[in-house]
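Subject: Structure handover

Hi,

Here is the structure for you to look at. My notes follow below it.

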Amino acid sequence: MENTECHCQGLMTKRAMNINIRRGGDDYFLNRLFSYLNSELDGTIHSIKPLRGNVYLVDTQDSRFILKGYQELRKLKIQEAFTSSLRHAGFDSSYKFLRMKSILPFQGLYYGCIEYLKQQEKRFDYGTQSERDEGVALLSKFHDHSGLLVPSFTGMLPKADLARKWQHRKDEFTKNLPVVHFYVNSAVTNEILGWAEVSLSRFSALKTELEQEQPTILHGDVAHHNFLRAKGGKLYLIDFDLISIGPRAYDMLQYANRILPYLDWNFDSLKKIFYFKKWLRYESFLYGLLYPADILREWNRLVREQNPIPPIRLSPLVDMTINQFQQRKKFLADVQSELAK
């Protein structure tokens, strides 16, 4: 980890130097943002590199930090408060926002400076059992600490409603079927929707057993890229844009869905992971495992964002939908056998 202190304090007009653009982006916007930051922040900015969306890597004469834009000032303030409170609650495996003397509004967004964590060259992924185990252990540790913050953030954060989210995802996928059927046979999509309907119906009826657990603050997006392996080897959990309040089982369901392709959809392999043993005793959790969250999510995203659909993104999605189909059917049969016990 590279522990940086950002000279993002105070107001000082600086002369712009250069912008380092290594990937696509709006050059005019970056020039304006570069000039704006040089006029508002202490220290001379040397370069701004777009990372994704409204996220940038900023190098100054003395430090490096992440600049992130939010559509609402309230959202930025919640992120600042949550990461600070999380650190005070004893969870040190994440970043912190750097203290600012002034708000940074620019072209409709509000920007915050985030501590830069230097990654190892080999990034975290779900491809090995050791990393899958480490990731779920860190997520569980996060829940232990974020649960302490529920009273302070009730009213600020939404209440998690996984059944409603899944219903909306299924409805969107159904509307997208005319596009999906250009690439996937309707017999396959009919069966996938059948899995979703059974899962959603039974999960909705039984989810109160999960909600009896003490609520915590959920991460909401446990994709591999939100786990960061720092230079020293320590694993960090990052990006809290989707935090909500609810039972930790909801994050665990999402984590299971993320790692199952790496387990070849083998239910016995999932059962061997310590942190899932408790949850696999709940019928609602088992029915939740049947929901094809990844297929529906990725098709909806692709149809929503891409027109025309690029082959480089289409190929892995078709593989997920068709080539893993028989493995998923076997997984569903194994889960249903577990439910029948």
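The protein has 15 helices and 9 strands. Both are DSSP runs, numbered from the N terminus: helices are H or I with at least four residues, strands are E with at least two. The radius of gyration is 22 Å, close to the 20 Å from the globule rule for 341 residues, so the protein is as compact as a globular protein of that length. That radius is taken over C-alpha atoms, and the rule is 2.2 Å times the number of residues to the power 0.38.

This is a predicted model: local features need pLDDT of at least 70, side-chain atom pairs count only at pLDDT 80 or more, and totals for chains, interfaces and linings use all residues. Residues are numbered from 1 along each chain as its sequence is written, and side-chain values use heavy atoms, with hydrogens and water left out.

Confidence

pLDDT is the predictor's confidence in each residue, from 0 to 100. The protein averages 91, and 93% of the residues score at least 70. Residues 1–25 stay under 50. The model has 81 contacts beyond four places in sequence for residues 1–25. Contact here means heavy atoms within 4.5 Å.

Overall numbers

- Along the principal axes, the C-alpha atoms fill a box of roughly 70 × 45 × 35 Å.
- Of the 341 residues, 50% count as buried. Buried means under 20% relative accessible area, exposed means over 50%, and partly exposed lies in between (1.4 Å probe, protein chains only).
- Take the contacts between residues at least 6 apart in sequence: 74% join residues at least 24 apart.
- The accessible surface is about 16,600 Å², and 49% of that belongs to carbon and sulfur atoms. Areas come from the Shrake-Rupley method with a 1.4 Å probe; for residues, only the protein chains shown count as cover.
- There are 47 positive and 39 negative charges, and their mean positions are 1 Å apart. Lys and Arg count as positive, Asp and Glu as negative; His and the chain ends are not counted. Each charge is placed at NZ of Lys, CZ of Arg, CG of Asp or CD of Glu.

Positive phi

Most residues other than glycine have a negative phi. Two residues to check against that:

- Asp239 has phi near 65°, a positive value in a residue other than glycine. Asp239 lies in the loop between strand E8 (235–237) and strand E9 (244–246). Its relative accessibility is 15%, so Asp239 counts as buried.
- Trp265 has a positive phi too, near 55°. Trp265 sits in the loop between helix H9 (249–259) and helix H10 (267–271). Trp265 counts as buried because its relative accessibility is 4%.

Strand residues

The contact lists here and in the next section leave out neighbours up to four places away in sequence.

Ser244 is in strand E9. Ser244 is buried, at 11% relative accessibility. Ser244 touches Leu157, Pro158, Ala160, Thr216, Ile217 and Leu218.

Leu228 is in strand E7 (residues 227–229). Leu228 is buried as well, at 9% relative accessibility.

Pro105 is in strand E4 (residues 104–106). Is Pro105 buried or partly exposed? Partly exposed, with a relative accessible area of 40%. Pro105 touches Tyr36 and Tyr110. Between Pro105 and Gln71, the C-alpha to C-alpha distance is 9.7 Å, and they are 34 residues apart in sequence.

Helix and loop residues

Glu298 belongs to helix H13 (residues 293–305). Glu298 counts as buried because its relative accessibility is 17%. Glu298 is in contact with Leu317 and Met320.

His181 lies in the loop between helix H6 (177–180) and helix H7 (186–206). At 34% relative accessibility, His181 is partly exposed. Which residues does His181 touch? Ser186 and Thr189.

Best regards
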